[in-house]
Amino acid sequence: KLILAQDRRKACPFVQEGHLKPLPPSSAIAGMESTEIVLVLAQFLMGLGLLLRTAILSFIQGLKEKAKKNQDILGLEEQAGAKVAEVRVSWKVRLMQNSWMGSNVLAEVKRHVEWQQARKQAFKESRSIFCNHVRTEVNFVKNNADVSLIRPPGSPMEIEPPYYTRVMLYSLFFTKQLGEVVLVCLGWALVSGGLGTLVCICITEAGSTPKSWVESLISVTTGSHLNDLLSDFRWFPTFLLVGHLGFYVQRWRNFMFAGWRVEGRIKDIALLVGADVRDPSCSNSRALMFKIYRYLVLAMALQYRVVLPELSMLGTGSELAQCLQKLGLLTAQETPQLMPCGSRMRDTVLGWIAYEVNSNGPGGAQLLRGQNTLVVNEKITDVRAQMMFFHGNNFYPQPNFYAAFVKVVVDTYCGIIIVTYPFKMLTPHHVGLQPVTIVSVFLMVLCFMGFESLASILSKPFAHRHDTFNIDALIAGTEETAFAYLRVGFDEEARRSRASSEQAELPEVRQADTARDPFLLK
């Protein structure tokens, strides 16, 4: 009993042998009854307000969605959204204009602003690079040296560059995704701080009353048993969170790798087919190259149509067919054959590519030499597999039982922290705010709840402004390369004639050089 009493005195210095150590009376404490109530209510209300903020914002967003039916309101919302976007990047632009910032910070801020502007044009302002470029056969069959040739527009990097400076990394906590998590954790910290203030008020009012309920709670929450429980229990939510988040980080990377693999296989097909043309000067051969070019770009459009806003809103019916025809990717004759395929339109287009390659080889129209036909067919099957992996990765989440268990364990541990830290981190003789409790609860809850919320953020790599992929830039860059590969033989005669003329002039140049330099003569 003596050892337990000593432990209790060490854990809570104002508890002494089963009695509360009386606090020094003061007129300030005696006159704080109404102020104390206001202080406790303020902390609870602020905390609950931050916790209910997400639900309130969701309700307001629902009202805005209903109001979008009015075109005037929609126009005002678009203007307001543009102003908000300008405010979000205004501080970063000001950083770029300040010379006192380091060169590394300025470089990262510049890259961030440029990348976000390119993404905003494609996903917010409906100015996609891919969807604002029309493909025509008249333009495609021109020679590379033709000044009237219109090449596909260039594109920026498809993924946001990594950042290393504190200015850019800390700024992510002010984004919508992490900002919501920070506010929720702050709300729980204020609720816990209000509970700590309430406990301190109860201690003050208890005075020297023996064995009050407050003392009992303090004894339980500051005893060695609870500390042992927290110490033994802490590793399990940590272990679950590391595995849970590691899965979603790898899944996030798989989207990027799958997109790049699709890009690589399409470029391989364009390179192999473009180098296999028997007579690049033939009009039929150039028409075949344009058809394969159309099909390759059409396959990418159908692959990523659910990601690009300008195509996702069209569905799979006549509106999508009209848009693809306007872009020069689909003809009126091909539309009745492709549209009934529904979700298999992409696979149908890949089959068209394989058919055109095989039917125009040595056993068919003989527009292709047929030396790369086998490899091209392998690349087509490979690109189909990678496209399927990209879509399959979207339906590859964690098992629901595992996710539920992680949620319960993390919430339980955070709940224990929120309830016990007002007693464990209590500042005695301080009836006002409990800053130690608020800061401690905020940091602990942020570590676990914030870490757990990253899984939800990373599970939707195309829905946020940060840590996302610019698919518009990816397919625009792929199209640019395919355009060059399939037309690689269009200037073959010009290159050969120029090379032959240079070889004819080469002996005369060598004789002149030999006359000037005796070493060459030797």
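The model is predicted, so to speak only for itself: local features need pLDDT of at least 70, side-chain atom pairs count only at pLDDT 80 or more, and totals for chains, interfaces and linings use all residues. Residues are numbered from 1 along each chain as its sequence is written, and side-chain values use heavy atoms, with hydrogens and water left out.

The protein chain has 22 helices and 2 strands. Both kinds of element are DSSP runs numbered from the N terminus, with helices (H or I) taking at least four residues and strands (E) at least two. Of the 522 residues in the chain, 41% are buried. Here, buried means under 20% relative accessible area, exposed means over 50%, and partly exposed lies in between, with a 1.4 Å probe and protein chains only. The accessible surface comes to about 28,600 Å², and carbon and sulfur atoms own 62% of it; such areas come from the Shrake-Rupley method with a 1.4 Å probe, and for residues only the protein chains shown count as cover. As for contacts (heavy atoms within 4.5 Å), take those in the chain with a separation of 6 or more: residues 24 or more positions apart account for 80% of them.

Next come the cores. A nonpolar core is a set of buried Ala, Val, Leu, Ile, Met, Phe, Trp, Tyr and Cys residues joined through side-chain atoms within 4.5 Å. The largest one holds 72 residues, and Phe130, Met289, Leu311 and Leu338 have the most contacts inside it. At least two residues of this core come from each of H6 (103–123), H11 (224–274), H12 (283–303), H14 (318–326), H16 (345–359), H17 (373–394), H19 (435–458) and H20 (471–486), which are helices. Not counting residues up to four places away in sequence, Met289 touches Phe140, Val273, Gly274, Val277, Leu368, Leu486 and Phe490. There is also a second, separate core of 22 residues, with Leu230, Tyr413, Cys414 and Met449 among them.

Then there is the empty space. Rolling a probe the size of a water molecule over the atoms shows where such space is left. On a 1 Å grid over the protein atoms alone, a cavity is a set of points where a 1.4 Å probe fits but cannot get out, and its lining residues have an atom within 4 Å of a point. Grid points are joined across faces, edges and corners, and a volume is the space filled by probe spheres set on the points. A search of the whole structure turns up 2 cavities of 30 Å³ or more.

The largest cavity holds about 70 Å³ of space. Its lining is made up of Glu158, Phe255, Met256, Gly259, Trp260, Phe390, Phe469, Asn470, Ile471 and Leu474. H11 gives the largest share, 4 residues, and H11 and H20 each supply at least two. By class, this lining splits into 7 nonpolar, 2 polar and 1 charged. In that count, Ala, Val, Leu, Ile, Met, Phe, Trp, Tyr, Cys and Pro are nonpolar, Asp, Glu, Lys and Arg are charged, and the others, Gly among them, are polar.

The second largest cavity has about 50 Å³ of space. Around it sit His133, Val134, Arg135, Thr136, Asn139, Phe140, Ile150, Pro152, Phe290, Tyr293 and Phe483. Helix H7 (137–140) and H12 are the elements that give two or more residues to this lining, which has 7 nonpolar, 3 polar and 1 charged residues.

Finally, a few single residues. Glutamate 356 sits in helix H16 and counts as buried because its relative accessibility is 13%. Leaving out residues up to four places away in sequence, glutamate 356 touches Leu288, Lys291, Ile292 and Tyr295. Glutamine 434, in the loop between helix H18 (400–424) and H19, is buried, with a relative accessible area of 0%. Beyond its neighbours within four places in sequence, glutamine 434 is in contact with Gly193, Gly196, Thr197, Cys200, Met425, Leu426 and Thr427.

Proline 340, by contrast, counts as exposed because its relative accessibility is 66%. Proline 340 lies in the loop between helix H15 (335–338) and H16, and its C-alpha atom is 8.7 Å from that of glycine 317, 23 residues apart along the chain.

Definitions and conventions. On a 1 Å grid over the protein atoms alone, a cavity is a set of points where a 1.4 Å probe fits but cannot get out, and a pocket is an open set with protein on both sides within 12 Å along at least five of seven lines; lining residues have an atom within 4 Å of a point.
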